[in-house]
Amino acid sequence: MNDNVLNFKNCSLFLHIENYIIEEVLSNAEEKSYTKGQVLISKGDIPTGLFIIKSGKVGIYNEHVLLAELGILSIMGESFLANASATATIIADTDLIVILIKKDVFYTLAHIYPQLVLNLFAINFNRLKESNNAALHEARTREERLEKLVNERTKSLSEANTELSATRDSLIQTQKFRDQFMANMSHEIRTPMAAVLGMTNILMLKVNLPEQLKYLDGIKKSSENLVVIINDILDLSKIEAGKMELEQTNFKLTEVVNLVKQIMQHKAEEKGLMLKVDYDSTIPEILIGDPTRLNQILINLAGNAIKFTEKGVVTISIKTLNKNDKTCELEFSVHDSGIGMNDEQLGKIFQSFTQASTDTSRKYGGTGLGLTISKQLVELHGGTIKVTSEPGKGSCFSFKILLPIGVEENSIYDEEIITDEMIKALQETRVLLADDNMMNRMVAKDTLEMKIGNIFIDEAQNGSEVLDKLKAEDYDIILMDVQMPVIDGLEATRKIRHEFSSPKKDIIILALTASVIRSDLEACTNAGMNGYIPKPFTVEDLVIGIYNVLNKN
């Protein structure tokens, strides 16, 4: 092993990389020197490639504020992968030597050695997680500080009027900060997570060594866990902002419960637990309500029970309390034989970001949001939730809700799978794929080509390119990212619907969006889109979504 390879062996970019690959990467890179105070990357610029510090250290600055320092073997400039500009300026804090892997060189090497991409995604994944935790901590600190200020001010009513007004304004600003943070997190984290999950799924379908499959499976599971955490935080934000709305649709409760059992059965079996369901036969076959949110409550409660139970049984029980011709009052309960809780722990179990103890958090993980969300969803249904528990003897979470009785119709829980008929129908489909993120385009394109085979896919990086390509070529469908530079997906859709003539003005357009907020999805519909596919998407989301909208039209 030569000295150059040895120096970079412990760099996070080269984890699980053979020495000859490291040597090839370094031989295609260039060594650059900077003196103290020189700028490596300017805020707002797209980095020219990937920087690795060989000696010295750099500072990350926003204006003149030092945000962080990076030392030897640290990675910088990875935002070029998404064609995204730097969010801060990076300056040499000492005399500095770096290795620069230019953009085109990295793309060529990453195509040959995909482990480089996986390592870079792992680096970004950890940074996103740390950034997310820091932002949440800052939001909670602001709220606690302002709440304390309100309590202190209200002790003296004669002096409080003007100060309460200022505090109220600060609280409003804090809420705006939190809402904006949630919106930004939805887009900024869901978008790269879509690329991470998509590329991982594609790589797992290829021929891999057992050692590679182990790391790919780890990346996939970690990414899925982060998506669950993001969804929890966004759900809580929507509920607290009064933006969560319950659907009112006919559904079969048996199908909701069976789906919960199907999802949780594997988790229970992994721990050697028995998962039982006791279902009252007097429950009406068809009810009216929001099966998706009811499923979410039961998944949270059952998942919580399994997580905190080491041996024994977890039982999901549903029984009728009262019933007439129009309504049915039901009691849902989830019993476990797990670690249980004392009275003090029971008093704070439904609080946001709270778990029974710090030991619990370290051992079992999680955000501490699942029970908070479940409680608020139950209350949105007009019901109440309670818990009984005893240390070492398990817990029982139960809630009661009143649901109208419905009539028979097609169930929303009919399982959708990709069939040979779908694949045959999508053969020779002409797709225009629009997304400013190169990795997201690559994931969608490779997914469709691997699953469908004979399918034509053209690419665009922004709405302006979409309009130019549609004028010049004929397509069957456009997969349109919503947030793009130059012209965004919504404006491009409006221009197609109003400025083009038939048949091009009537082309099917599906939104590719990281947002799950109802108002954002309504904006897609109002712009003239025919539907949407959420990011991160599965193979089924993409193929079945395209098939359904083309088949319908």
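Mentor: A residue is called buried when its relative accessible area is under 20%, exposed when that area is over 50%, and partly exposed in between, using a 1.4 Å probe and protein chains only. In this chain of 553 residues, 46% are buried.

Trainee: What is the mean pLDDT of the chain, and where is confidence lowest?

Mentor: The term pLDDT denotes the predictor's confidence in each residue, from 0 to 100. The chain has a mean of 80, and 75% of its residues reach 70 or more. Confidence is lowest in helix α10 (residues 358-364), with a mean of 43, and highest in strand β16 (residues 430-434), at 94. Residues 352-367 have pLDDT below 50, and this stretch makes 35 contacts in the model beyond near neighbours in sequence; a contact means heavy atoms within 4.5 Å. Where pLDDT is low, the predicted coordinates should not be read in detail.

Trainee: How many helices and strands does the chain have?

Mentor: Helices (H or I, at least four residues) and strands (E, at least two) are DSSP runs, numbered from the N terminus. The chain has 17 helices and 20 strands.

Trainee: In what order do the five strands of the open sheet with mixed pairing stand?

Mentor: Two strands pair if DSSP finds at least two bridges between them. The order of the five strands is β10-β12-β13-β15-β14. At the edges are β10 (274-279) and β14 (384-389), each of which pairs on one side only. Neighbouring strands of this sheet are turned against each other by 15 degrees on average, direction ignored. Axes are lines fitted to C-alpha atoms, for helices over the stretch in contact, and angles run from 0 to 180 degrees between N-to-C directions.

Trainee: In which sense do β10 and β12 pair, and which helices pack on the sheet?

Mentor: Strand β10 pairs with β12 (residues 313-323) in the parallel sense, over six bridges. Within this pair, Met274 stands opposite Val313 of β12. Helix α7 (residues 253-270) packs on the sheet and touches β10, β12 and β13 (327-336); its direction makes about 170 degrees with that of β10. Helix α8 (residues 291-307) also packs on the sheet, where it touches β12, β13, β14 and β15 (395-404), and its direction makes about 170 degrees with that of β15.

Trainee: Why is one side of β2 and of β5 left without a neighbour in the sheet?

Mentor: These strands belong to an open sheet of four, in the order β2-β7-β4-β5, with antiparallel pairing. Both β2 (39-41) and β5 (65-70) stand at the edges with a single partner strand each, so one side of each has no neighbour in the sheet. Here neighbouring strands are turned by 35 degrees on average, direction ignored. Strand β4 (residues 58-62) pairs with β5 over five bridges in the antiparallel sense, and Gly59 has Glu69 in β5 as its bridge partner.

Trainee: How many residues of strand β3 are buried, and with which strands does β3 pair?

Mentor: Five of the seven residues of β3 (residues 49-55) are buried, so this strand is largely enclosed by the rest of the structure. It pairs in the antiparallel sense with β8 (residues 96-102) over six bridges, where Ile53 stands opposite Val98. Strand β3 also pairs in the antiparallel sense with β6 (residues 75-76), over two bridges.

Methods
Residues are numbered from 1 along each chain as its sequence is written. This is a predicted model: local features need pLDDT of at least 70, side-chain atom pairs count only at pLDDT 80 or more; totals for chains, interfaces and linings use all residues. Side-chain values use heavy atoms; hydrogens and water are left out.
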